[in-house]
Structures are given as C-alpha cells and as structure tokens.
Amino acid sequence: MGRVSGVDGVSIAYMTEPGERPVLLVHGFASSADLTWEMTGWVRALADAGRGSVRVDLRGHGASDAPTDPASYSPALLAADLALVLDEERLSQVDVIGYSMGAQAARVLACLHPDRVRRLVLGGIGTQEQFAVWGAEKFVGALERDEPLVDPAAADLVAAITASSVIHSGAAAACIRGMAAHPMTAMPAQPTLVVAGGADDVAADAAALATQLGAQFVSIPKRTHRNAVSARAFKQAALEFLA
Amino acid sequence: MAEVTFNLPDLGEGLLEAKVLEWFVAVGDFIERGAPMIEVETTKSTVELPSPQSGTIAKRHVSEDASLEVGDPLVTFDVPDDQAGIVGTVPEESKPKRRVMLRPPDDD
C-alpha cells in the first residue's frame, strides 16, 4: 500500500496493480478502493486487458485519514489528493474511472489538471451533487439521529452506510456537509463516458449529464446505484472506451 | 469424470446471505480457475467471484435474482477424475459414488 500526504496533511492510502497504462480508480461515498474496485472484479478485468490500475481510498474512507471537520472535504480537496497520488506514482497522464462521489472527484480532477487526464468514465452520477439535492442536514440527521428520510434512495444509502465499516459516522457527516457545500459545475473537456444503472435513482438523469458533457452514455438495465458498479456490462463499456 | 460442488464462500464481515445478480457461465461452458464466474450482492456490497476450479459447469444451483446463504451449494463442475479434489474442498465423500443408470418403466 502506498501513502501520500494531502495538501492539508491528511494521509491518503492507495494500492497499485502492475500493467500497461494504469487506470486511476476512484470509489464513491461510504465505500473503499477495495470494496468498489477489487471485490467487484474491476482490478482483474483491467489486468486481463493488460491495464494496470491505481485505486485510492478517498479521505474519510478505508485506510486513509478520516477528519471530522466539514472543511476537510470538498470536490477540489478530493481531486487534489488524487493528483498527489499520480505525482507519487510518476504518472503524467492517466485514464480515470470514478463511481458516484468518486465520479464527481474525477470530474474536478479532469478540470483542475486537464493535462493529467486522458479519458474519463463517470459512473452513477447525474447532473447534480446528490447530497445537496437531498439536503445535507436531512441526510446527516438520518445518519446520526435516525431521523426518517422521505427519499427511498437516500434511505437505502443511509442503511448501507450504517452497515458499512469503511467510514466512521463523524467523517461521513463531515464529508456530506463538505461535498454539499460545493455545487457541481465541473465540465471536463476530455472524451467522457457516462454509465448508470437503469434503476439508479441517485443518477436518474445521467443521460442528461452525458448530453451536457457531450459524452457517450451507457445504461445498465435493471441495475441500481448499489449494484451497477460491479456489472460486466459496465466493465466492458469502460474497457472499450479506454482502449 | 467426477462432479465437484462448491458452496457459497464466507464473504466476510458476518454476511450470511447473497443475491445472484449475474452468472457469467452457462451449463456446459468450460471455465478456467480464477476467471470471473458469478456476480452476487450482499447487504454491504457487490462481489464478483472467480471460479474456484477449472472445469465444465454441470449445474448452477441458484438462478439469477434468487438468494442463497453462505454454505449453500452454488455450482457443480464436471472435472476429469484425476483433477477432482485437488482444488478447494469437496463436500461429499472423496470416493466417487457409483452411478446407476435407471431405466424408465415400460408403459406397456
């Protein structure tokens, strides 16, 4: 496992797999590099295609530091961590695959460091930052005080976080508040593929995002926000796009 | 040929149940050990399980969208006799059962 120190001193953990033209993999909220990319077969699928990979535990998640101050979380800070990992691994330019909150971070990375990102695959997001849509405080209330959430997709996510061992509730609340405070406006110019489950309520308008970005769009039939990420169809579409 | 059955492995963190999202192999397909075999979903995450064995798929014990518990039969392989039992655990007696061909009763 590699480690870098973020711009504000937060320690970021990451894992690498050997192979040609490594792909940077960025997981979503309340997940981890291994849960999203290793257990789901992505690392193996990339290796089978000859591609190396670098998977990062986002701050607050997995083996990275988990600050509890909302100011420690923003799309720009997450993107800065990713750029530092690329520096450490001496990767001047990579393809990036991000899922959910990781896709938002990947978008921002592509805009802040356009020369570092060749192609972009964004999974499980629509046109808006989802915590802001749901209301960060409602979400935190559900997480910390068990307050009911009206939106079933949000309630599902809270249940998943509660069951999760990859994020602490203090870091989760800080991450939600920090991310929701920054509306998503990054419009990367790189060739982009948008992928979402056909039953993903969190990314219901993913096709509209693809239109905004001039991106290709692939919908995975029947898949939800939770289970679209591991779909073979997603991997095949991404590998083809990044070939 | 011998039949080797594998059960749903422990997926960690006390997870006891999984739902089948997608099989990547059909009955009759040959699969190499380590190649992606099935995708399952637990309450925490989704997992792609590699094949524990090289062999031909003889039976898929659970269909897509159905659930199974850790320890439930997942898949049965047909493997050459000299390879059976080398990889993984064989839940049945190591001595292959004698196969008996049953004749359907004569209608007339």
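## A strand pair in chain B

Val40(B) has Val47(B) of S5(B) as its bridge partner. This is a predicted model, where local features need pLDDT of at least 70, side-chain atom pairs count only at pLDDT 80 or more, and totals for chains, interfaces and linings use all residues. Residues are numbered from 1 along each chain as its sequence is written, while chains are lettered from A and ligands numbered from 1 in the order in which they are written.

Strand S4 (residues 36–41) of chain B is joined to S5(B) by five bridges, and the two run antiparallel. Strands (E, at least two residues) and helices (H or I, at least four) are DSSP runs, numbered from the N terminus. Two strands pair if DSSP finds at least two bridges between them.

## The open sheet

Four strands of chain B form an open sheet in the order S5-S4-S2-S7, with antiparallel pairing. Its edge strands are S5 (46–50) and S7 (67–69) of chain B; each pairs on one side only. On average, neighbouring strands are turned by 40° against each other, direction ignored.

## Two helices in chain A

Helix H3 (residues 75–88) and helix H4 (residues 101–112) of chain A pack at about 70°, with axes 8 Å apart. Axes are lines fitted to C-alpha atoms, for helices over the stretch in contact; angles run from 0 to 180 degrees between N-to-C directions. H3(A) is therefore roughly perpendicular to H4(A), a term for angles of 65 to 115 degrees.

## Where the chains meet

Chain A and chain B each give 13 residues to their contact. Residues are in contact if their C-beta atoms, placed from the backbone, lie within 7 Å.

Technical notes
Angles under 35 degrees count as roughly parallel, over 145 as roughly antiparallel, 65 to 115 as roughly perpendicular and the rest as oblique. Two residues are in contact if their C-beta atoms, placed from the backbone, lie within 7 Å.
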